[in-house]
Amino acid sequence: MSDLKKTAFTSLYENDVQEWEEVMGYQVAAVVVGTEKEYAALRTDVIAQDYSMLYKWFVEGPAARETVNALVSRDVAELPVNRIAYAAVVNEDGGMVDDVTVSVLRDDALLVIGGNPEVFDALNQAAP
C-alpha cells in the first residue's frame, strides 16, 4: 500500500492499524487493534474521524437548505447551526447513491460530505 496517499492524520494512528485498504487513492485503516480506548471515547467522550479522502460539497445561499433537503433522505430544514446529520442520497428509482453527512455551518450554508462523485450531479439537479 506504499503507493497510496496518506492523509494528514495517518501518522496519529498508523501504529495501531493491522490492515489497510484503499479508498479513493488513499491508504485508510480497515482493521485497528486495541480499539477499547477508542470505543470508550466514542461512547463517553469524543473521537475524530478522518474524512480527508471523501468529497466535500459546500452549498451556500438562500436555497441551500431547500437544495440539500431535496437531495437527502432526512429533513435538514430545521437542523440547528453547528449540528451534523447522517442521511442517504437516493436516485430517482430509490436506489442508494451514497451515504453522506450534512453539517449546518450557517442558516444559509451547509457542508455535504460523501464518497460518491455522483452526489455533485444530484446536488445540481436538486437546486431550484
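Mentor: Exposure first: buried means under 20% relative accessible area, exposed over 50%, and partly exposed in between, using a 1.4 Å probe and protein chains only. With that rule, Arg-106 is partly exposed, at a relative accessible area of 36%. The model is predicted, so local features need pLDDT of at least 70 and side-chain atom pairs pLDDT 80 or more, while totals for chains, interfaces and linings use all residues. Residues are numbered from 1 along each chain as its sequence is written, and side-chain values use heavy atoms, without hydrogens or water.

Arg-106 belongs to strand S5, and S5 leads us to the sheet. Strands are DSSP runs of E of at least two residues, helices runs of H or I of at least four, both numbered from the N terminus. Two strands pair if DSSP finds at least two bridges between them. The sheet is open and has four strands. Its order is S3-S6-S5-S4, with antiparallel pairing. The edges are strand S3 (55–60) and strand S4 (84–90), each of which pairs on one side only. On average, neighbouring strands are turned by 30° against each other, direction ignored. Angles run from 0 to 180 degrees between N-to-C directions of axes fitted to C-alpha atoms, for helices over the stretch in contact.

Strand S5 covers residues 96–106 and runs antiparallel to S4. Seven bridges join the two strands. Tyr-86 stands opposite Thr-101 in S5. Helix H3 (residues 64–71) lies across S3, S4, S5 and strand S6 (109–114). Its angle to S6 is about 30°.

Now the charged pairs. A salt bridge puts a side-chain nitrogen of Lys or Arg within 4 Å of a carboxyl oxygen of Asp or Glu. By this rule there are four. One of them joins Glu-60 and Arg-106, at 2.6 Å, N to O. Glu-60 lies in strand S3 and Arg-106 in strand S5, so this pair ties together parts that are 46 residues apart in sequence. Arg-106 also meets Asp-108 in a salt bridge, at 3.1 Å, N to O. Asp-108 is partly exposed, with 32% relative accessibility. Shared partners join Glu-60, Arg-106 and Asp-108 into one network.

Elsewhere, Lys-6 and Glu-14 form another salt bridge, and their closest N and O atoms are 3.4 Å apart. Glu-14 is partly exposed, at 28% relative accessibility.

Back to strand S5, which also holds Asp-98. Asp-98 is buried, yet has no salt bridge. Lys-56 is its nearest side chain of opposite charge, 11 Å away. Here Lys and Arg count as positive, Asp and Glu as negative, and His and the chain ends are not counted. What lies 2.7 Å from a polar atom of the Asp-98 side chain? It is the backbone nitrogen of Gly-115. The backbone nitrogen of Asn-116 lies 2.9 Å from a polar atom of that side chain. Leaving out residues up to four places away in sequence, Asp-98 touches Ala-87, Ala-88, Val-89, Gly-114, Gly-115, Asn-116 and Val-119. Contact means heavy atoms within 4.5 Å.

Key:
A polar contact is a pair of N or O atoms within 3.5 Å; within protein, one must be able to donate a hydrogen and the other to accept it, and residues adjacent in sequence count only if both atoms are side-chain atoms.
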